[in-house]
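Here is a note for a colleague who is meeting this structure for the first time.

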Amino acid sequence: MDFYNFLPTFEECNEICDKVKLAVKHPETGEPKTMFAFAPNTHEVGGKTITTFNYGLFTSYQTFDTPFDDRKHMTAYELRGITFIPQEDGSYERVLALPKFFNLNQHEPVQYGYLKDKKIARVQDKRDGSMVSFIRVDGKLYPRTKNSFISPQCPLTDKFVENNANYKEFIHA
């Protein structure tokens, strides 16, 4: 159960977004519909067009674990905020966010029976679902959530860091 051993490139993230779709039914009419499993989002940050990748509402554990049947080594757990910053030479700086995680008993690999004898490193309470991380663009730090640089949490984070010298020193280190 080594979920996080695959770090996709910008091109692989785009391929996953382009080719992995979900078949769903409209809840009222039952009509079949195709929806995205993963999608890129672009943001203007620090004068650069940055791309983040995220998952859709109906993306299942199986889709994260095996987006392509013919390439079992590829997983999509990192498509939960993975960000690419274009560089002058045409390459991309890859910035990881917290990979996709699942709640206890949500899917087979996180069933209590499977996990009960494992050594627990840390347990955290998942409160409102918001998580802020930072990304550095041309030397400046920007707060972000998994898919936004302009969510309500971002200016709150800026204000918090500005008013707390220890956090500011730690983040800028």
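1. Basis of the note. This is a predicted model, in which local features need pLDDT of at least 70 and side-chain atom pairs count only at pLDDT 80 or more, while totals for chains, interfaces and linings use all residues. Residues are numbered from 1 along each chain as its sequence is written, and side-chain values use heavy atoms, with hydrogens and water left out.

2. Overall layout. The chain has 5 helices and 8 strands, where helices (H or I, at least four residues) and strands (E, at least two) are DSSP runs numbered from the N terminus. Along the sequence these elements follow the pattern α-β-β-β-β-α-β-β-α-β-β-α-α, and the C-alpha atoms fill a box of roughly 50 × 40 × 35 Å along the principal axes.

3. Of the 173 residues, 37% count as buried; buried means under 20% relative accessible area, exposed means over 50%, and partly exposed lies in between (1.4 Å probe, protein chains only). The accessible surface, from the Shrake-Rupley method with a 1.4 Å probe, comes to about 11500 Å², of which 51% belongs to carbon and sulfur atoms. Among contacts (heavy atoms within 4.5 Å) with a separation of 6 or more, 49% are made by residues 24 or more positions apart.

4. Aromatic pairs. Rings of Phe, Tyr and Trp (its six-membered ring) pair if their centres lie within 6.5 Å, with planes under 30 degrees apart counted as stacked, over 60 as edge-to-face and the rest as tilted; by this rule there are 9 aromatic pairs. In one of them, the rings of Tyr-55 and Phe-64 have centres 5.2 Å apart and planes at 70 degrees, so the pair is edge-to-face. Tyr-55 is partly exposed at 21% relative accessible area, whereas Phe-64 is buried at 0%. Elsewhere, Phe-10, Phe-53, Phe-84 and Tyr-92 form one aromatic cluster.

5. A salt bridge is a side-chain nitrogen of Lys or Arg within 4 Å of a carboxyl oxygen of Asp or Glu, and the count comes to 5. One of these joins Asp-138 and Lys-48, at 3.4 Å from N to O. The two residues are 90 residues apart, with Asp-138 in the loop between β7 (133-137) and β8 (140-144) and Lys-48 in strand β4 (residues 48-55). Asp-138 is exposed, with a relative accessible area of 63%, but Lys-48 is buried at 17%.

6. A salt bridge within a helix. Glu-15 pairs with Lys-19, the closest N and O atoms being 3.3 Å apart. Both lie in helix α1 (residues 10-19), and because Glu-15 and Lys-19 are 4 residues apart, about one helical turn separates them. Lys-19 is exposed, at 56% relative accessible area.

7. Asp-70 and Arg-71 meet in a salt bridge of 3.7 Å, N to O, with Asp-70 exposed at 64% relative accessibility and Arg-71 partly exposed at 23%. Salt bridges that share partners join Glu-15, Lys-19, Asp-70 and Arg-71 into one network. Arg-71 also has its charged end over the ring of Phe-68, 4.2 Å from the ring centre; a charge sits over a ring if NZ of Lys or CZ of Arg is within 6 Å of the ring centre and within 35 degrees of the ring normal.
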